[in-house]
Amino acid sequence: MSDDVASQLRALRRQLDDHNYRYYVLDDPIISDQAYDQLFKQLQTLEANHPELTVPDSPTQRVGHVAQSAFIRATHLLPMLSLDNIFEAPELGGFLHRISNGLGGLHTNPDFYCTPKLDGLAINLRYEHGRLTLGATRGDGEVGEDVTANIRTIRNIPLHLRGDNWPALLEVRGEVVLPKDSFIALNEQAKIKGEKLFANPRNAAAGSLRQLDAKVTASRPLKFYVYGFGKVDPQVLPDSLAKSYDWLQQLGFSVCPGGELVRGQEGCQRYYDAMLAKREQLNYGIDGIVIKVDSQTLQDALGYVSRAPRFAVAYKFPAEEVTTRLDAIEWQVGRTGALTPVARLTPVHVGGALVSNATLHNMDEIIRKDIHIGDTVWLRRAGDVIPEVVKVVIAQRPADAKAIQLPSVCPVCGSHILKLEDEAIARCTGGLFCPAQRKEALQHFASRKAMAIEGFGERWSDQLVDRDLVKTPADLYELKVQDWMSLERMGIVLAQKLCDAIAASKQTTLARFLYALGIREVGEATARALAQHFGSIEAIQAASLDALLVVQDIGPIVAGHIVGFFQEAHNQQVIAKLIARGIHWPSPQKLAQDLALQGQSFVLTGTFRAYSRDEAKVALMALGAKVTGSVSKKTTAVIAGDAPGNNKIEDARTLSIPIWDEAALLNVLKT
């Protein structure tokens, strides 16, 4: 029996290793994530039932171990050397001239293999008899730190080599990197938790790999790319570096992406220019390219100087951080009303571009970095968009430097600016009026859960605003068929349909109308609570902060948003125009008669045939019901469609909550 289990385990591990290789190395998966998860679970179950058959290089052993107290030293079998740097085309010519001289003038135009110079953490991996036995940092080049437990958690590092064409001892060297999108997500999480932010993806990769708890490393999507060799039997290596990379990929490694075989100075320079041009589009950081003689024989002939190989060089990109003067601040208003401070700078070359603007993010960031107008600042080019001010050179602050103040009114429309104490972003309160917010306000106003103007979307709102046909949502109700016909890709049938849909939207509910206004943090539920509590738009407009706090589920922050919105004269004028142009809803008395499910609470689970889940929720809420996502003692009933969630059904039975089917739901809605 144990032989059968061992055979099954080997087959499962082999399958999962193959799928890991296709997914992480070849980027060519042949099964779905769900199918992979099922195989992985089978392996976990078998290993749990037969722990004596678990092996350290099983795919299940990448989750990380308990925290270590410290890293131990690891001596490299061969030193991990640095590369000499060059920065300009003439220096490239000098490097190639030294190559030719070093080879006695016999190879004046050899092949070179070029790769991006990844901005990560250099690592040496040791494999003995095909199994990973050591992962170590570069350290001082002679001695690094043993980070094997953390290395094992990186998904594209093979725990054992594929095939059988490998030597008894193989050391590969490469770079551990954190993709840019993962770096952004990691910092967002740190910001939410109030933790220190990483300065750049390289620091994040280094910090992730040097965690004393490997489980932390396992939670971060690090990647490893091979760029060379340490100790290895030279007889097994192809003479060409390009072919060596192909061989490494067959063994299960991800090689440095974007490599290319080129000829002479022209080929190296062309590769450099191409990588510099697409640098910002890559999902990993690079700070130059690496140029290596392709032939292993020629590499051996060239040899090494004390700290670097003669056959390779790093051709670095222009510096991405420089200093310049911050001359002024301009406040820009986004589509949602958010104010963003933009620094106007004394123009400076950074990262190969002339830069005169930089983002400062928000007022809190300005205060944290103590930025003043007139300061000398460090500038980092973060991409092709607006670069970022990293820090201030306080020692060079002039006597006439001015502190930056948050404007009290919107620079676009003159409405008041609202910034709550616990929020970093300040916002314009002229949501219905502010030109900077028109497109976003129109799209929200017309959306299905708001005024439900069928057929109205982004392409129409963009054209209406760009052609100055609509300044506020109230202007929609003045548009004629001929106005619509002036838009691109508009026919008379569609124009009439849009006019009819706008006319039909005039009959609505107070709750939908409130939601359509786009008051910050006033969603469907809050709009419904306001409508039910106050009964009229006039009462809501006149409500004080204290009066709003009485309404269920409305706290000080939301109440502040509501008061600020209705205090803005521009917004009141737009609301008056909307009502004057025919928007209406049932009277409070009629509405009260229709709220047959007032005070009742329901949970929806599964799929329904007559309604979508969202439509069923809206229908119940229209009758005054509350629809929640979890079952509690306050739940009136759980309404189950096809394939309901087992947890919700089980919770309902435990709490003796009635369970309705779709027929019961339809009966309630009809009656």
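Before the pocket itself, the definition: on a 1 Å grid over the protein atoms alone, a pocket is an open set of points where a 1.4 Å probe fits, with protein on both sides within 12 Å along at least five of seven lines, and lining residues have an atom within 4 Å of a point. Two housekeeping notes. This is a predicted model, where local features need pLDDT of at least 70 and side-chain atom pairs count only at pLDDT 80 or more, while totals for chains, interfaces and linings use all residues. Residues are numbered from 1 along each chain as its sequence is written, and side-chain values use heavy atoms, with hydrogens and water left out.

OK, the second largest pocket. It's lined by 45 residues, and L81, R173, Y227, F229 and K292 are the ones nearest its centre. The space in there is about 1,200 Å³, where volume is what probe spheres set on the points fill, with points joined across faces, edges and corners.

β8 gives the largest share, seven residues. By class, the lining has 23 nonpolar, 10 polar and 12 charged residues; Ala, Val, Leu, Ile, Met, Phe, Trp, Tyr, Cys and Pro count as nonpolar, Asp, Glu, Lys and Arg as charged, and the others, Gly among them, as polar.

Now the helices. Axes here are lines fitted to C-alpha atoms over the stretch in contact, with angles from 0 to 180 degrees between N-to-C directions.

Take α12 (residues 438-446) and α13 (residues 458-466): their axes come within 9 Å and cross at roughly 140°. That makes α12 oblique to α13, since under 35 degrees is roughly parallel, over 145 roughly antiparallel, 65 to 115 roughly perpendicular and the rest oblique. In contact terms (heavy atoms within 4.5 Å), R438, K439, L442 and Q443 of α12 meet E458, S461, D462, V465 and D466 of α13. That contact has two nonpolar, two polar and five charged residues.

Next, α20 (residues 556-567) and α21 (residues 569-580). Their axes come within 5 Å and cross at roughly 75°, which means α20 is roughly perpendicular to α21.

Key:
Helices (H or I, at least four residues) and strands (E, at least two) are DSSP runs, numbered from the N terminus.
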